[in-house]
Amino acid sequence: MDLVKGKGASAGIAVGPILVKPAEQKTAEKRTALSPQQELERFYTAQQDVVALLETLKEKALAEAGEEAAAIFDVHQLMVQDPDLTEQIAGLITGDSLLPAEEAVQQAGESFAAMLESMDDAYMQARGTDVRDICGQLEQALRQHQGNWWDQLTRPSIICAEDLTPSETLQLNKENVLGFVTSGGSGNSHTAILARTMKIPAIVNTGLPLSATWNGKLGALDGETGSFYLEPDQDTLLQLKEKESRIRAQQDALEIYRGRATVTAQGRQIALYGNIGQPEDIDAVLANDGEGVGLFRSEFLYLGRDQYPTEEELFQAYAAAARSLKGRKLIIRTLDIGADKKVDYFHLPEEENPALGFRAIRICLKRPEIFYTQLRAILRASAFGNMGIMFPMITSVEEVRAAKELLEATRIKLQQEGIPYNSEMEVGIMVETPAAALISDDLAQEVDFFSIGTNDLLQYTLAVDRQNATLEEIANPGHKAILRLIQLTIQNGHKYGCWVGICGESAADPDLIPYFLSMGVDELSMSPGKILPSRKLISTLPG
Ligand code: PEP
Ligand code: MG
């Protein structure tokens, strides 16, 4: 057994077979093979594609060049399905070589062509070129069916990776993800946040080089202590099982807090909400008795796809979320794309410092057509529930005014079209830059509420890249500078009639909640699994 220590990013125990995310491919051609069965299926699919393509070419040739030309494609169709060639390719995929389909096609094609070219018969010699031709077509067809590494996630597994992007994480079949272990990554990255939201045990920053030989081996992880065990022994498995039972017992003990309001020892009520990335995450908020959703990271609806979602798609997602909350609050944060949340079809510029670059509200104001579509969808959905909207990454009053102007223009358009929306929908901003906190007196006069994003506030105040795992030691969320900015924001918000919440990861930090309560915070929004423990804690605290 090997024990590796990383940073616990999402609590919980996981035990199961390991799936290693292949290292980044440097060249397009050299792929790592999926399972032999999957590679074989890729080959057969490509073979059918080429047969179909050759049929189209044959018909074209017949119409444009006559029967003799069309006959070439008949021969090619036979060749591409030749039993000997097929057998050779399949053998290279499933035999000792375990080659990816592309390489198997290339190797088998080359030896088949060489064999034909070595014959005495000139006709057979010439067929070598045809074999190379059809194998080239097979390779091309395979490239179009390259698939993703997560296609191998066909059974519940622990995923080991150098790192995972938020869009990869989102596209994994959650049913089959037992846990994550990443060599790099930080606890404040969106991938770690997603793991917590989805209640998937996770460890980051193990510093461990990955090996494809782990594939299929047993792994175990404790997301609280950050311990990862490769091929755990029986004693370790027993201990983890016992710990799992203890965790379950602790969760059961929290059940008495279900269905209760969240109230401090002095009787002040706090709104306790959940954070979500996708409408499906609402199930976890409701299962954990969340009183609403304080942060819907709406950009996740834009990840893991190759074109912009339509207004209708967005509307359906928001309206479904609003409906399933049955009158509880749903705060949609408008697009916060950029930085670590990259989407190819946005064609964003490459930047030296993307966290300080073209992201979030900056993109929305520069590309109003994208923003307008989202605003329409949000406004339309507001007719179906108790919704609020907030703008991310605000640094100035001008940005808030510009965003509100677009929102107003969208309202007017919907009104003209006779489409219903809630004209009372609350409008807020995220306070997640030191600039926004420092001018929160001016900003508070523009909006109905503030939601403090401590993840970015920490990054920008302490100059600590939230993606950089090596800086975690100095990324102290309880730093005096951050607490002062939060206090100032709450004071200014209240002075001008705004309610003030916190939706960054600190909102669920048991060491910080007492400070936030003493500052007068009105709402805390967190990973759904943290709601009941926080309600319990709050009930014991003054404030
Ligand atoms: C934050 O910055 O604290 C926040 C809640 O937003 P995100 O983590 O999505 O940047
Ligand atoms: Mg943020």
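User: Across which strands does helix α8 (residues 234-253) lie?
Analyst: This is a predicted model, in which local features need pLDDT of at least 70, side-chain atom pairs count only at pLDDT 80 or more, and totals for chains, interfaces and linings use all residues. Residues are numbered from 1 along each chain as its sequence is written, chains are lettered from A and ligands numbered from 1 in the order written, and side-chain values use heavy atoms, without hydrogens and water. Helices (H or I, at least four residues) and strands (E, at least two) are DSSP runs, numbered from the N terminus. Running at about 125° to β3 (angles go from 0 to 180 degrees between N-to-C directions, with axes fitted to C-alpha atoms, for helices over the stretch in contact, meaning heavy atoms within 4.5 Å), helix α8 lies across β3, β7 and β8 (227-230).

User: Which residue in β7 stands opposite P17?
Analyst: Strands β3 (residues 13-20) and β7 (residues 218-222) pair in the antiparallel sense over five bridges; pairing requires at least two bridges found by DSSP. Opposite P17 stands L218.

User: Is E432 buried or exposed?
Analyst: Buried means under 20% relative accessible area, exposed over 50%, and partly exposed in between (1.4 Å probe, protein chains only). With a relative accessible area of 2%, E432 is buried.
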